[in-house]
Amino acid sequence: MKNSFSASCFLALALCLASCKKENSNIGLDLIDDQLGVEYTEAAYLQAHTIREDSLVTSNRSATSLGYYDDPVFGKTTASVYSQFLLSTTGPNFGTATCDSVILSMTFKGFYGTLSPQVFTVYTLNGMMYKDSTYDCEDSIDVSTSLAGVQTIYPRPFDSLFAGNDTFPPQLRIKLNNSFGNFLLAASAGDLASNTAWVNYFKGLYITAGPVNTNARKAGGILSFKWADANTKITLYYHDAYGTHGNQGRASYSFIVDGNTASFNHYRHDYSGRPAITAQLNGNDTANYDHVYVQGLMGLKTKFYLPNIQFLKSQGDIAVNKAELILQTDASTMDNDFATPSKLVLVALDSAGKQILLSDYYEDQGGTYFGGTWDATKKQYRFNIARHIQDLLNGEKQDYGLILLASGSAVNPHRVVLGGGTTSSPHKMRLKITYTKLN
């Protein structure tokens, strides 16, 4: 009997545990609906459209992005870099040396898109950059009209570099013009005496990328580089006629990137030829669409309103138990080369149009309670915004709009197409509200 009783207890416990695996939104609703006055509705109407992402700070980051791609859905994106390159040692003596070659190397960190060839173009800067200044993705610095170098390269972010008996991490290496190298060698002793003097002589480089074939879609990608890295540098190879530098007059010198270097990313998005996107960008603030768009690198974000949320007041005083915003991906737009964001961020707008965190975010600092993490199985994102809905109903906040954007948008290029708020949308965004009547 003892064994039979234990088995029964175990089975009961197993069934109990199995039932606990149901989604949180369904747990015990039938019971509390009958006994505690809990109600459920999806009648809240969502009005959503796509807008451009705001410009964000991209200066002085440990990693930087460079590249060009043409996404079949989101159009063309270009990431460029402005950066200083500092003296590795002060006071080098170049004498009457002549440039043999000069190489710009950048240590790979990762990539997004495809690894098809790109044209990398390098200009010297005419304008000054400052380490203590802040630059965003729309800023630019005046550049020289003469090229420091241009080269078509097939990126190899997984291939190590071998030189002599040494192995180096994967790099993108751009051969610059010898005329640029001779410009570096022509610096005076005063120019080379300190980095303060050096950045007045050589202000830095503008590095950008473009397509090999302008008509090719789904080509190119964004390459990520470790910027303050020992192998991200300009290496100048030179010689002099008198053998002053030994080794039959041949020597090299590095201009480096370190914690004292000013740098920033510039991003440009071109949505021409993508009418589904441009129609929304040129539309009005209260428009509603079947699909909406979110894109990193300061590309696109989604704004939406809850125009009829006050209908819940007709129920009398209520307590919002849960308000789950469900955002379904349009799977037909997914692409293995252009991955979806691993996490989305949801914020509210205040009366001044400033983005602020929702009170729900503070429950667990944007963790599992608040949500926003990509669910690859269901191909959706979920947020719990119960406190925000309660605040709207209590009149403690007004609906100035919610903003949905990609997490880490300043550095991550990931993008996603979501169902919009229209009833005709095949992937309609939904707000599932569970509440308790208090009267």
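Two residues are in contact here when they have heavy atoms within 4.5 Å of each other. The model is predicted, so local features need pLDDT of at least 70 and side-chain atom pairs count only at pLDDT 80 or more, while totals for chains, interfaces and linings use all residues. Residues are numbered from 1 along each chain as its sequence is written, and side-chain values use heavy atoms, with hydrogens and water left out.

**Asn288**

Asn288 lies in the loop between α5 (275-281) and β17; helices (H or I, at least four residues) and strands (E, at least two) are DSSP runs numbered from the N terminus. With a relative accessible area of 19%, Asn288 is buried, a term that means under 20% relative accessible area, with exposed over 50% and partly exposed in between (1.4 Å probe, protein chains only). Not counting residues up to four places away in sequence, Asn288 touches Tyr45, Leu46, Gln47, Ala48, Gly421 and Thr422.

**Gln295**

Gln295 belongs to strand β17 (residues 291-295) and, at 1% relative accessibility, counts as buried. Leaving aside neighbours within four places in sequence, its contacts include Tyr69, Phe74, His269, Tyr271, Ser409 and Pro413.

Polar contacts of both residues are tabulated below. A polar contact is a pair of N or O atoms within 3.5 Å; within protein, one must be able to donate a hydrogen and the other to accept it, and residues adjacent in sequence count only if both atoms are side-chain atoms.

| Side chain | Partner | Distance |
|---|---|---|
| Asn288 | Tyr45, side chain | 3.1 Å |
| Gln295 | Tyr271, side chain | 2.6 Å |

**The second largest pocket**

A pocket is an open set of points on a 1 Å grid over the protein atoms alone, where a 1.4 Å probe fits, with protein on both sides within 12 Å along at least five of seven lines; lining residues have an atom within 4 Å of a point. The second largest pocket has a volume of about 250 Å³, the volume being the space filled by probe spheres set on the points. Of its 16 lining residues, Ser65, Ser224, Val411, Asn412 and Pro413 are the closest to its centre. Strands β3 (63-71), β6 (98-113) and β13 (219-226) each supply at least two lining residues, and β6 gives the largest share, four residues.

**Helix α3**

In helix α3 (residues 178-185), the buried residues are Phe180, Gly181, Leu184 and Leu185. Seen down the helix axis, they fall within an arc of 145°, so they line one face of α3; the arc is that of the directions from the axis to the C-beta atoms.
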